[in-house]
Amino acid sequence: MLIRTRSQHPVQPSEITPSAAFGRRREILRAATAAGLLPVAAALARPARANPAPQRLEAGPSPLSTDEPRTSYEDVTSYNNFYEFGTGKDDPSRHAHQMPTRPWTISIEGAVAKPGVYDIDTLLGLASLEERVYRMRCVEGWSMVIPWVGYSLSELVRRVEPRGDAKYIEFATLADEASMPGLRTRVLLWPYVEGLRMDEAMHPLALLCFGLYGDVLPGQNGAPVRIVVPWKYGFKSGKSLVAIRFVEKQPMTSWHIAAPHEYGFYSNVNPDVPHPRWSQATERRIGEDGFLSRKRKTLMFNGYAEQVASLYAGMDLRRQF
Ligand SMILES: Nc1nc2c(c(=O)[nH]1)N[C@H]1C(S)=C(S)[C@@H](COP(=O)(O)O)O[C@H]1N2
Ligand SMILES: [Mo]
């Protein structure tokens, strides 16, 4: 049921061709296909569209949602980490609108029966969208409660049929020099790469995310599609995803490469394992600041221990941090 297209983040033709000419190109294509003149692949390559205006995404409720008060839309979309746009908290909201998010494809590669390049709109329609209100915690010591829109990553994984030797999944995100000023700095190895063990990826809480607060994702939060893994520190949740690779060996990840003693592969929220330069025992909930607000105690697995602790049974979480 997945439709493949061949385009992989080319220069946006809409930047160099006025849209009227695009309309015409579409008509010409349609006529040519009708006349049997073009191969299917050429007919399927869609002309580029401008980024869509914020668009509602219909989503049903989820029993996996927390009923804690939500962080305001304003805070969720203006206090971000997305180093491709700069390391300041407001850099992503200032620059991310430059990132072209249509057309967009995810390349599915490696040990699967159905590899291929899948279009964002096909991915959007793959399973029913749910609103998942998750607690999120950044390794820097702050947290938010965010109503994401998406479906379990497992819905996609099952459909591409991983082979037995697929033990991990590597996620690669966009590295577009034209729209991402942060790529000029070497803070991280680009493209940003993250990974999950296969059973973590298949856990129902792991979300393939297309929106928040009922709208499509803003660029700064990882448009048009990202991963959300609520029991791990925020950096495991790669934004603006372009490739999903099924691999046998534990992938190297950008943060681990940058600082191997500070950021391990697992990166589960764990108040008992301090970051080498600071404690992880407490957190500050964004929007609750003010001199009367107390720090919150950070919970094991970010409060999702009941659901996910069994994934790590028998592991030494101090060594495998
Ligand atoms: N591509 C990419 N994804 C990324 C990051 C990044 O710098 N680049 N930062 C991570 C970190 S550290 C956090 S805390 C979350 C923040 O997500 P949010 O801004 O949507 O809350 O995004 C994660 N995903
Ligand atoms: Mo983070």
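Start at Phe301, in the loop between strand 12 (296-297) and helix 9 (305-308). Helices (H or I, at least four residues) and strands (E, at least two) are DSSP runs, numbered from the N terminus. Phe301 is not a glycine, yet its phi is positive, about 50°. Its relative accessibility is 4%, which counts as buried. Buried means under 20% relative accessible area, exposed over 50%, and partly exposed in between (1.4 Å probe, protein chains only).

A word on what is on screen. This is a predicted model, where local features need pLDDT of at least 70, side-chain atom pairs count only at pLDDT 80 or more, and totals for chains, interfaces and linings use all residues. Residues are numbered from 1 along each chain as its sequence is written, chains are lettered from A and ligands numbered from 1 in the order in which they are written, and side-chain values use heavy atoms, with hydrogens and water left out.

**Backbone stops**

Select Ser240 next, in the loop between strand 9 and strand 10. Ser240 also has a positive phi, near 55°. Its relative accessible area is 0%, so Ser240 is buried. Most residues other than glycine have a negative phi, and most peptide bonds are trans.

Now go to two cis bonds. One runs from Arg102 to Pro103, with omega near -10°. Pro103 sits in the loop between helix 4 (91-95) and strand 1 (105-110). The other runs from Ala223 to Pro224, with omega near -5°. Find Pro224 in the loop between strand 8 and strand 9 (226-228).

**The whole fold**

Zoom out and show the cartoon. There are nine helices and 12 strands. Of the 321 residues in the protein, 52% are buried.

**Strand 5**

Two strands pair if DSSP finds at least two bridges between them. Strand 6 (residues 193-197) runs antiparallel to strand 5, joined by five bridges. Strand 10 (residues 241-247) is also antiparallel to strand 5, with six bridges. Center on Ile169: it stands opposite Leu196 in strand 6 and opposite Phe246 in strand 10.

Follow the chain out to Ala178, in the loop between strand 5 and strand 6. Ala178 is exposed, at 73% relative accessibility. Pro100 is 78 residues from Ala178 in sequence, but their C-alpha atoms are 9.8 Å apart.

**Salt bridges**

Show charged side chains. A salt bridge is a side-chain nitrogen of Lys or Arg within 4 Å of a carboxyl oxygen of Asp or Glu. The whole structure has 22.

Pick Arg56 and Asp215, bridged at 3.1 Å, N to O. They lie 159 residues apart: Arg56 in the loop between helix 2 (40-44) and helix 3 (73-78), Asp215 in strand 8 (residues 215-216). Which of the two is buried, and which exposed? Arg56 is exposed at 59% relative accessible area, whereas Asp215 is buried at 16%.

Next, select Glu68 and Arg135, bridged at 2.5 Å, N to O. Glu68 is in the loop between helix 2 and helix 3, and Arg135 is in strand 3 (residues 130-137), 67 residues apart. Arg135 is buried, at 13% relative accessibility.

**Ligand 1**

Finish at ligand 1. It has 16 residues around it, the closest being Asn80, Glu84, Arg226, Ser237 and Lys239; a residue counts if one of its heavy atoms lies within 4 Å. A polar backbone atom of Tyr83 is 2.8 Å away. An N or O atom in the side chain of Asn221 is at 2.9 Å. For the side chain of Arg226, the N or O atom is at 2.6 Å. On its own, ligand 1 has 530 Å² of accessible area, and the protein covers 96% of that.

Methods
A polar contact is a pair of N or O atoms within 3.5 Å; within protein, one must be able to donate a hydrogen and the other to accept it, and residues adjacent in sequence count only if both atoms are side-chain atoms. Accessible areas come from the Shrake-Rupley method with a 1.4 Å probe; for residues, only the protein chains shown count as cover.
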